[in-house]
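Hello,

Here is the structure I promised to pass on to you. Have a look at it first, and then read my notes below.

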Amino acid sequence: MRLGTSRAFADRVYRALGTLSAHRPRLRVRLERAPQEARLAAVRSGTFDAALVRLVRRADGLALHPVWTEPLIAALPADHPLAAQGGDPCPRALARLPLRLVPREANPALHDLIASAVPGWTPGPPFTTLDDTLADVASAREPSWTVFHPADAMPQDRGLAFRVLPAPRVPVALAVRDGELTPPLQALLEALTGTAPAIAGPTPAPVPPRSQVPLPRVAGATSP
């Protein structure tokens, strides 16, 4: 069985596959990394049996089964007063700090989610790539902040402070072809929904992912 995924889901996927192997030892799952649109297209074409996706409300020809929700992570300068307060940041306080927000044309679902969660947010310098934007937040003379999805490995930069936003939660779903939730896919779905939030310590070692392969682009998905 081929599962489309990304590095950001690694911890929970590895733990789910460890649970799955204990109950279904003959069931083999091959992890395939690809961009989200390509993952959806690969499920629709039959190249993948299923794929994990974020913030997708509907996609033509596919059924979306909720598996978990994730928080959003705020990054701000480590020496900023909001970082010194500790705890979850107040959206009203963050709204006064210039926000480096992912462009709507690049990720409309994430852009709209953040904009609605932080009413009256202050536009800041442009968001480029995540790595470059985080570096700019850490080093720029004028303070700013940005928001991103949880990553498999958080950046190590003493100039940054990371805070979990109390809301909203980001839905993650398992996409399969409509009407084709086979017993193996049902077992995978149950293993994924049964994972707890990330914990410290080593993770089980599933079948290693292959290198990314060219895949067709998606048609009919409403978010990236």
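Which residue forms a salt bridge with Arg2? The partner is Glu32, with the closest N and O atoms 3.0 Å apart. (A salt bridge here is a side-chain nitrogen of Lys or Arg within 4 Å of a carboxyl oxygen of Asp or Glu.) Arg2 lies in strand S1 (residues 2–5) and Glu32 in strand S2 (residues 30–33), so the pair ties together parts that are 30 residues apart in sequence. Helices (H or I, at least four residues) and strands (E, at least two) are DSSP runs, numbered from the N terminus.

Before going on, please note that this is a predicted model: local features need pLDDT of at least 70 and side-chain atom pairs pLDDT 80 or more, while totals for chains, interfaces and linings use all residues. Residues are numbered from 1 along each chain as its sequence is written, and side-chain values use heavy atoms, leaving out hydrogens and water.

Back to that pair: Glu32 is buried, at 1% relative accessibility, whereas Arg2 is partly exposed at 24%. Buried means under 20% relative accessible area, exposed over 50%, and partly exposed in between (1.4 Å probe, protein chains only).

The structure holds 6 salt bridges. Another of them joins Arg100 and Asp136 (3.8 Å, N to O). Arg100 sits in strand S6 and Asp136 in helix H6, so this pair ties together parts 36 residues apart in sequence. Arg100 is buried, at 6%, and Asp136 is partly exposed, at 31%.

Enjoy exploring!
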